[in-house]
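Please look at the sequence and the model first.

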Amino acid sequence: MWPLRRPKRIRTRLTLYYAAMLAGVLALYFGSVSLLLFWQASNVLKGLAAEDLETVKGLLYYDDDGHVDVREDYHHHSDWKQVQERLLEILSLDGTILYRNERLGDRTIGGPIFPGEGVHGYSGRTAKMSDGTPIILISRQYDLRGQTILIRVGYSQDLIWNELRGTLLVLILASPLILAAVAYAVYATVGRALDPVSKMAHRAEQINSERLNERLPVESEEGELGHLAGVFNAMLSRIEQSFEQLKRFTADASHELRTPLAAIRSIGEVALEENATPAQYRDTIGSMLEEVNRLTAIVESLLTLSRADAGQINLQVSVFPLAALVRESAALLEVLIEDKQITFTLAGDESVGVQGDRLYIRQAVINVLHNAVKFTPPGGSISARIQCDGDSRVELSIRDTGPGIPPEQSSRVFERFVRLDESRTSVNTGSGLGLSVARWAVQANDGEIGVTSTLGTGCNFWIRLPAVGCSGHG
Amino acid sequence: MRVLIVEDEEKMARALRAGLEAEEFSVSVAATGEEGFFLASTEDYDLVILDLMLPARDGMEVLAALRRKNLSVPVLILTSKDTIEDRVRGLDAGADDYLVKPFAFSELLARIRALLRRGKPEPSIALKLADLEMDAAGRVVARGGKELSLTAREFDLLEYLLRQPGRVVSREMLARDVWRETARYTPLDNVIDVHIAHLRRKLDEPFNKKLLHTVRGVGFVLREEPS
């Protein structure tokens, strides 16, 4: 049902909207024009009627019977060709009709005399004849040999309409044409304007996971559609990036899982081939179990991270002193630190509190600290420092004297399964997920984590977290 | 002691049966939830080990049905679902303990012992193994009459091992019971290994007979090896 249901297509909708608006404007315009023309024409007619009235006045006389009459020749005094149309009525002030011209016949014009009609100059108005015909009426009072009479001259309004008919007809006939032309123009223009949209839609339909590198066509950077396409393309870039990351992650994860699996398989197969003592078999099985443990640890970390990605982990937020947390983490790793005769120092503001989930932040600190312990050579040092960063952030930096990381690789250390160079791999017995977990834990607590390093001078890992009690420290 | 294992995966069930029988348990195995429910409600078991992912009738339903029948047999759930919500759901349904796959068998044994011991007074174990003697309250430990100088953590570690002599203790168990950590993670494993190494140096190195053994791929055990 058309007017009840909005058309689906923008193009149709805009066209109909414009056509309807134009129809309204045209109707208003034609109406005003008609009224104006009518008003002008009736003024002209009133002027002519006034002239006529003067003429008639000069031709009035009393005939032999004492009746008022108009001399025949008054027609010649008028130069207006419509003079035939003139309606003439002469009344005495008591309403008695003294004279009617032939055209008027036995009809009357204007009805009873209203007070003051034609007393001071001409009274002009639109009125109706006794048979209902609308007319333009001019009247005036005169003194005819001592008797006051009212002369009324009228013209049928049809005269005006006859004059205007042509003009109005042209206007009315032209309207549909104008409407059609405008509607077509709007339809075409909107179609052209929306053309990029259908092109974009067409292209977007073709983009799938294999073709994420494609982009929507951007005809111009400016304008709404260009902006839209730009926004879409930016979104596509982000999706492509995450997709790439995901693909790399899947590949890396498969590789990581495959390594222990391969070990289990070959250990088992080799053991089956040989005749061994029970002790040797036990050793074989034990070494298989070690690989199983490795697999388990990897799978557990992956599960944690994937849950974190899916936002399934609830944080228990509290406020706790950061220094105590760092001390506690260092105490946990104390044996490792002592074994390598590493000097651990903690400096900075003891009182600063951190707001976040203590358990996850502790995990992050432990993982970063453990990473530092792993890569610091025996006899080296690790210095932790707590420093306010503005009023509401605190930065914990952990600096080691390890081999460092090439700066261009420093952003990659937090990626899953990334182990930088082979020399590091030999010391790294972890799952390759420790720093990923740390990054997730810090970011989940509205913090940032990063590393600055140059090859050969050690790393400086920093963690920035929401702080309590930093105001005034700057 | 009679144990019912409700587990549909055949290899897992066989391994559990063999492991528990080696520990002198009398073991029945049910491969479906229906069968498990039938056995548990008609026979008398001291413990039910229940897998959650079962065909047709899953473990949670079996557990709920058992509890509705007012059967109070201890139930230990085995599952690969390890979110806190899963745990809470299992314990709410009436499970007595919850163990996530993959688990160390020694861990399972420890949990089973704890469940069976529940409600009974803990037997006072003489903290003594061969020539090793410990006074837990006085925090003193001596081997061959000679006092060992241990750090607090080393002492706790040794006490934990000594409280279950001859039983293999996994790193998970040490992380949870000695270090009181909620989760096991790589740095902690390294820490545990180093502590074990330190303890071994003080406990065994000066003596001929070794007491602290590493069971490769599984964990650690304190026992007298037959020479």
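Which residue in β4(A) is the bridge partner of Ile90(A)? The partner is Tyr99(A). This is a predicted model, in which local features need pLDDT of at least 70 and side-chain atom pairs count only at pLDDT 80 or more, while totals for chains, interfaces and linings use all residues. Residues are numbered from 1 along each chain as its sequence is written, with chains lettered from A and ligands numbered from 1 in the order in which they are written.

**Sheet in chain A**
- Strand β3 (residues 87-92) of chain A runs antiparallel to β4(A), and three bridges join them.
- An open sheet of five strands has the order β4-β3-β7-β6-β5 in chain A, with antiparallel pairing (two strands pair if DSSP finds at least two bridges between them; strands are DSSP runs of E, at least two residues, and helices of H or I, at least four, numbered from the N terminus).
- Its edge strands, β4 (97-100) and β5 (123-128) of chain A, each pair on one side only.

**Helix pair in chain B**
- Helices α2 (residues 33-42) and α3 (residues 59-68) of chain B pack at an angle of about 25°, their axes 10 Å apart (axes are lines fitted to C-alpha atoms, for helices over the stretch in contact, and angles run from 0 to 180 degrees between N-to-C directions).
- α2(B) and α3(B) are therefore roughly parallel to each other (angles under 35 degrees).
- Residues of α2(B) in the contact include Phe37(B) and Ala40(B), and those of α3(B) include Val62(B) and Leu66(B) (C-beta atoms, placed from the backbone, within 7 Å).

Methods. Angles under 35 degrees count as roughly parallel, over 145 as roughly antiparallel, 65 to 115 as roughly perpendicular and the rest as oblique. Two residues are in contact if their C-beta atoms, placed from the backbone, lie within 7 Å.
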